[in-house]
Structures are given as structure tokens and as C-alpha cells.
Amino acid sequence: MFVPLEPTHCGINPGTIFEIEPGSFPSKPEVQAFMKETEGKWTAFLSDREDSWYASSKGDNFKWTGLTYLDLCLYNLRHMMEHIGHIDVQIRQSKGSPVVWL
């Protein structure tokens, strides 16, 4: 089941997340559709910005994400990679084999 999310502090809506029952996993097509949706939203968000926006200061209290919007975008990319890694580990532990399509 998909659950809609609210827009984040940087102004984009990450879309949907999976609400997963313990011990169950979304199907391969569901994960691939989610990844495609996320990629499309990030592509649209990033291409809609001027270079000066990336270099500008965020001016917020979230210092761990960096000082500029470029830092924030890179932080979010790393954060998404971490979640993809978690999904990969869970699938490997349940299926016993690597996931090459993730």
C-alpha cells in the first residue's frame, strides 16, 4: 500500500512510501514504479532550478545537511542510497540472493 507524504522543508514532495507489514515486501514492479516516480520527481525538481539557487544558503537549523541547497540535494541523494541499501539487505536476507535490478 502507498502512503502519500507531505512536502519536505526543501519544497518537494517525495511522493509515496511503502507501508509494509513485517516480513512482507513490495513486489518488484511496485519497487520499480516507486523508483521511477522518485527519479521523475527529482529530475523535474532539479532541472527547474537556476545555478544560483544551488549555491545559495538554506538559512535553516539543519546544519548536518550542509549550508547550501546543493549540499541538501547531495545529502538527500545519499539518504535515498542508504534506504535502497536497507531494502537490498532485507531482500537478500529473505531471498538469499543479491538484487541486481534495485
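Modeller: The buried residues of α1 are V31, F34, T38, W42 and F45, where buried means under 20% relative accessible area, exposed over 50% and partly exposed in between, with a 1.4 Å probe and protein chains only. Seen down the axis of α1, these residues fall within an arc of 65°, so they line one face of the helix; the arc is that of the directions from the helix axis to the C-beta atoms. An α-helix has 3.6 residues a turn, so residues three or four places apart point the same way. On the face of α1 turned away from the buried side are the exposed residues P29, K36, E39 and S47.

Helix α1 covers residues 28-47, 20 residues in number. Helices here are DSSP runs (H or I, at least four residues), numbered from the N terminus. From first C-alpha to last, α1 reaches 28 Å, close to the 28 Å expected at 1.5 Å a residue; the expected span is 1.5 Å times one less than the number of residues.

As for the basis, this is a predicted model in which local features need pLDDT of at least 70 and side-chain atom pairs count only at pLDDT 80 or more, while totals for chains, interfaces and linings use all residues. Residues are numbered from 1 along each chain as its sequence is written, and side-chain values use heavy atoms, with hydrogens and water left out.

Elsewhere, helix α3 (residues 69-95) holds M81, which is exposed with a relative accessible area of 52%. L70 is also placed in helix α3 and is partly exposed, at 40%.

Technical notes. Helix = DSSP H or I, 4+ residues; strand = E, 2+ residues; numbered from the N terminus.
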